[in-house]
Amino acid sequence: MTTHDTDERLIEKGRKLFAQSWRFTHASPSIESLPPMGSLEVAFAGRSNVGKSSLINALTGQNALARTSHTPGRTQELIFFEGPEYAPLRLVDMPGYGYAAAAKTKVASWTELIHQFLLGRTSLARVYVLIDARHGLKEVDQEILKTLDRSAVSYQLILTKADQIKPAELASRIAETEAALAKHPAAFPQVLATSSRSGTGMPELRAAMVRLLEERGA
């Protein structure tokens, strides 16, 4: 089987998986309130207002699954979603880091929750770190990458809102982001560009999760 055939198979399998019904299952404001480990978990991290909830909605084709907001910092807990029973996979919407329209003490507690979750969750198979394609990597992103480097979790960077910049600028942003990842050996070297609005990159992201499930024998 060629690589192209494999890619097509994974894309089709991913399409079928995310065409199923996905549902909200847990909201955890603390490490103590996390659901029991079991299903493979894939988490989405990123700065406040980077588009995590919109990405999850676009992935699942369910516009109201994850709550979106124009107010940075609206997601204050770890939010868990599950799909069909035959696929033991959970999606985790993490609180946004960086700026948030909330008290500094609350922001600090969310940040601590993020770090504890990344370092201590053995069922967490991959973290997708979302970066706004219009702005690129910021210093606050580097702190999360350092935490991920210390953990045993594989991670990949995703550029969001790719439809909001010109193709040449997007190509340049991808190249500079991949160059920055050379300093992070635990990171996937390839950066995926996505748009929740146009659907760009969604088939590839779904396929990546299917591959992960197959690799883990799930």
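Trainee: How much of the protein chain is buried?
Mentor: Of the 218 residues in the protein chain, 50% are buried. Keep in mind that we're looking at a predicted model.

Trainee: OK. How many helices and strands are there?
Mentor: The chain has six helices and seven strands. Going along the sequence, the pattern reads α-β-β-α-β-β-α-β-α-β-α-β-α.

Trainee: And what order do the strands take in the sheet?
Mentor: It's an open sheet of seven strands, in the order β1-β3-β4-β2-β5-β6-β7, and the pairing is mixed. The edges are β1 (23–28) and β7 (192–193), each of which pairs on one side only.

Trainee: Remind me, how do strands hold on to each other?
Mentor: Strands of a sheet pair through backbone hydrogen bonds, and they can do so parallel or antiparallel.

Trainee: Let's take β2. Which strands does β2 pair with?
Mentor: One is β4 (residues 89–93), in the parallel sense, over five bridges. The other is β5 (residues 124–132), also in the parallel sense, over six bridges. To find these pairings in the viewer, look for Glu41, whose bridge partner in β4 is Arg90, and for Ala43, which stands opposite Val127 in β5.

Trainee: Which residues sit on which side?
Mentor: In a regular strand, side chains alternate between the two faces of the sheet. In β2, one side has Leu40, Val42, Phe44 and Gly46, while the other has Glu41, Ala43 and Ala45. Both faces are covered.

Trainee: Changing topic: what's in the largest nonpolar core?
Mentor: That core has 32 residues, and Phe44, Leu89, Leu91, Tyr128, Leu205 and Met209 touch the most other members. At least two residues each come from α1 (3–19), β2, α2, β3 (78–82), β4, β5 and α6. The largest share is from α6, with eight residues.

Trainee: What does Leu91 touch, apart from its sequence neighbours?
Mentor: Leaving out anything within four places in sequence, the contacts of Leu91 include Phe18, Trp22, Val42, Phe44, Ile56 and Met209. There's another core apart from the largest one, with 31 residues, among them Ala43, Leu148, Leu159 and Leu181.

Trainee: You mentioned α6. At what angle do α2 and α6 pack?
Mentor: The angle between α2 and α6 (residues 202–215) is about 80 degrees, and their axes are 10 Å apart. Angles of 65 to 115 degrees count as roughly perpendicular, so α2 and α6 are described that way.

Trainee: Which residues make that contact?
Mentor: From α2 you have Leu55, Ala58 and Leu59, and from α6 Met202, Leu205, Arg206 and Met209. By class, the contact has six nonpolar, no polar and one charged residues.

Trainee: What about Asp141, is that buried or exposed?
Mentor: Buried, because its relative accessibility is 0% and the cut-off for buried is under 20%. Asp141 is in helix α4 (residues 139–150).

Trainee: And what is Asp141 in contact with?
Mentor: Arg47, Tyr97, Ile131 and Gly136, leaving aside neighbours within four places in sequence.

Trainee: Where do Asn49 and Lys161 sit?
Mentor: Asn49 is in the loop between β2 and α2 (52–60). Lys161 is in the loop between β6 (154–160) and α5 (167–180).

Trainee: Why does Asn49 count as partly exposed?
Mentor: Because its relative accessibility is 37%, and partly exposed covers the range between under 20% for buried and over 50% for exposed.

How values were computed
Residues are numbered from 1 along each chain as its sequence is written. This is a predicted model: local features need pLDDT of at least 70, side-chain atom pairs count only at pLDDT 80 or more; totals for chains, interfaces and linings use all residues. Side-chain values use heavy atoms; hydrogens and water are left out. Buried means under 20% relative accessible area, exposed over 50%, partly exposed in between (1.4 Å probe, protein chains only). Helices (H or I, at least four residues) and strands (E, at least two) are DSSP runs, numbered from the N terminus. Two strands pair if DSSP finds at least two bridges between them. Contact means heavy atoms within 4.5 Å. Axes are lines fitted to C-alpha atoms, for helices over the stretch in contact, and angles run from 0 to 180 degrees between N-to-C directions. Angles under 35 degrees count as roughly parallel, over 145 as roughly antiparallel, 65 to 115 as roughly perpendicular and the rest as oblique. Ala, Val, Leu, Ile, Met, Phe, Trp, Tyr, Cys and Pro count as nonpolar, Asp, Glu, Lys and Arg as charged, and the others, Gly among them, as polar. A nonpolar core is a set of buried Ala, Val, Leu, Ile, Met, Phe, Trp, Tyr and Cys residues joined through side-chain atoms within 4.5 Å.
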